[in-house]
Amino acid sequence: MNTINLASRVPDRYEIREAFKTLRTNILFSGSDVKVIAITSSTQNEGKSFVSLELAKSLAEAGKKVLFMDADLRKSVIVDRLTDVTDVLGLSHYLSGQAESDDVIYSTQYENLCIAFAGPYPPNPVELLGSKRFSEMLEYFRSIFDYIIVDTPPLGLVIDAAVVSAQCDGVVLNIAANHVSYREVQAVKAQLERSGSHIIGAVLNMSETSSYRYRSNHFGGYYYKKNHQYGNYYANENKEQKQYASLNTSDKK
């Protein structure tokens with residue numbers, strides 16, 4: 001297995017570490033049957049990939065064998081922003097029959113953490129992600145890893161995340177404070193429920209609250225940060241600000 005070094009753009013700050021430790025703890029207490037977890041958002045620039053990767057790192061630090069899977073086959077930024085490599089095999093290679101599952105897994109400099117990149121943009125991402133080959137790959141990786149964190153495209157833009165989440169044990173909705181409207185979040189929540197996905201919680205990202213707080217909502221949906229800059233991992237600071245949105249999962253069936 002080849003090793004790829006991932007760049008880190010996250011400041012080594014106490015509140016950041018504690019936020020992800022809290023998120024990790026609640027994932028661990030979600031049950032032994034929750035091993036494959038999709039992360040999605042309503043729209044782009046909500047810091048979804050930041051949350052996905054940092055959660056995967058945190059689980060690996062706790063001694064869990066973790067696979068971070070980049071399932072954004074349409075517009076992945078992981079390779080370009082976090083590595084200096086230009087030629088890697090990814091999910092689209094495997095799903096289109098051009099590679100085997102073991103070929104698309106790379107170890108990283110972080111102990112216990114492996115990564116599967118998205119690969120080049122295919123003409124039929126939804127069909128590939130909904131294929132038998134994708135579900136078989138997830139089942140195979142279940143036997144190897146303790147947790148699989150799947151970063152998916154924003155569900156408010158494309159349907160891919162619902163297709164993927166329906167094949168996972170649970171899905172977490174990442175919400176950027178002051179970036180999306182309540183209506184947008186509720187629409188994504190409804191779409192996940194229609195697909196049969198199991199929503200285990202939500203993360204409030206990019207909060208500019210003055211104090212660190214945590215509130216449990218089933219799996220532990222919200223964490224607040226003192227400074228939102230590190231939440232802008234993949235975000236554009238100049239995007240139009242929208243109505244604050246949050247998601248309460250306590251009414252899910």
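## A predicted chain and its buried residues

T83 has a relative accessible area of 12%, and because buried means under 20%, T83 counts as buried. This residue belongs to a predicted model, and its place is in the loop between α3 and α4, the latter spanning residues 91–95. A polar atom of the T83 side chain lies 2.7 Å from the backbone oxygen of V79. Once the neighbours within four places in sequence are set aside, T83 is in contact with I4, N5, L6, I78 and F117.

### The chain as a whole

The chain has 253 residues, of which 55% count as buried, and its secondary structure comes to 8 helices and 10 strands. Among the contacts in the chain with a separation of 6 or more, 79% are between residues 24 or more positions apart. The accessible surface comes to about 11100 Å², and carbon and sulfur atoms account for 44% of it.

How confident is the predictor, as a mean pLDDT over the chain? The mean is 79, and 80% of the residues reach 70 or more. Confidence is highest in strand β6, residues 147–151, with a mean of 97, and lowest in strand β9, residues 214–215, with a mean of 31. Over residues 210–253 the pLDDT is below 50, although this stretch has 144 contacts in the model beyond near neighbours in sequence.

In soluble globular proteins, nonpolar side chains tend to be buried together. The largest nonpolar core in this chain has 40 residues, and the members that touch the most others are L67, M69 and V150. Helix α6, residues 132–142, gives the most to this core, with 4 residues. Apart from this core lies another, of 31 residues, which includes V66, Y106, L113 and F117.

Which residues of α6 are buried? They are F134, M137, L138, F141 and R142. When the helix is seen down its axis, these buried residues fall within an arc of 140 degrees, so they line one face of α6.

I37 is found in strand β2, residues 36–41, and with 0% relative accessibility it counts as buried.

Beyond its neighbours within four places in sequence, A176 is in contact with E46, N205 and M206.

D72, by contrast, lies in a loop, the one between β3 (66–70) and α3 (78–82). Is D72 buried or exposed, given its 9% relative accessibility? D72 counts as buried, because 9% falls under the 20% limit. Apart from residues up to four places away in sequence, D72 touches A118, D151 and P153.

| Pair | Separation in sequence | C-alpha to C-alpha distance |
|---|---|---|
| I37 and I148 | 111 residues | 6.2 Å |
| A176 and S42 | 134 residues | 9.0 Å |
| D72 and A161 | 89 residues | 8.6 Å |

### A positive phi in a loop

Most residues other than glycine have a negative phi. N112 is not a glycine, and yet its phi is positive, at about 75 degrees. This residue is placed in the loop between β4 (105–108) and β5 (113–116). Where the buried residues described above fall under the 20% limit, N112 has a relative accessible area of 30%, and therefore counts as partly exposed.

Terms used. Residues are numbered from 1 along each chain as its sequence is written. Side-chain values use heavy atoms; hydrogens and water are left out. Helices (H or I, at least four residues) and strands (E, at least two) are DSSP runs, numbered from the N terminus. Buried means under 20% relative accessible area, exposed over 50%, partly exposed in between (1.4 Å probe, protein chains only). Contact means heavy atoms within 4.5 Å. Accessible areas come from the Shrake-Rupley method with a 1.4 Å probe; for residues, only the protein chains shown count as cover. pLDDT is the predictor's confidence in each residue, from 0 to 100. A polar contact is a pair of N or O atoms within 3.5 Å; within protein, one must be able to donate a hydrogen and the other to accept it, and residues adjacent in sequence count only if both atoms are side-chain atoms. A nonpolar core is a set of buried Ala, Val, Leu, Ile, Met, Phe, Trp, Tyr and Cys residues joined through side-chain atoms within 4.5 Å. The arc is that of the directions from the helix axis to the C-beta atoms.
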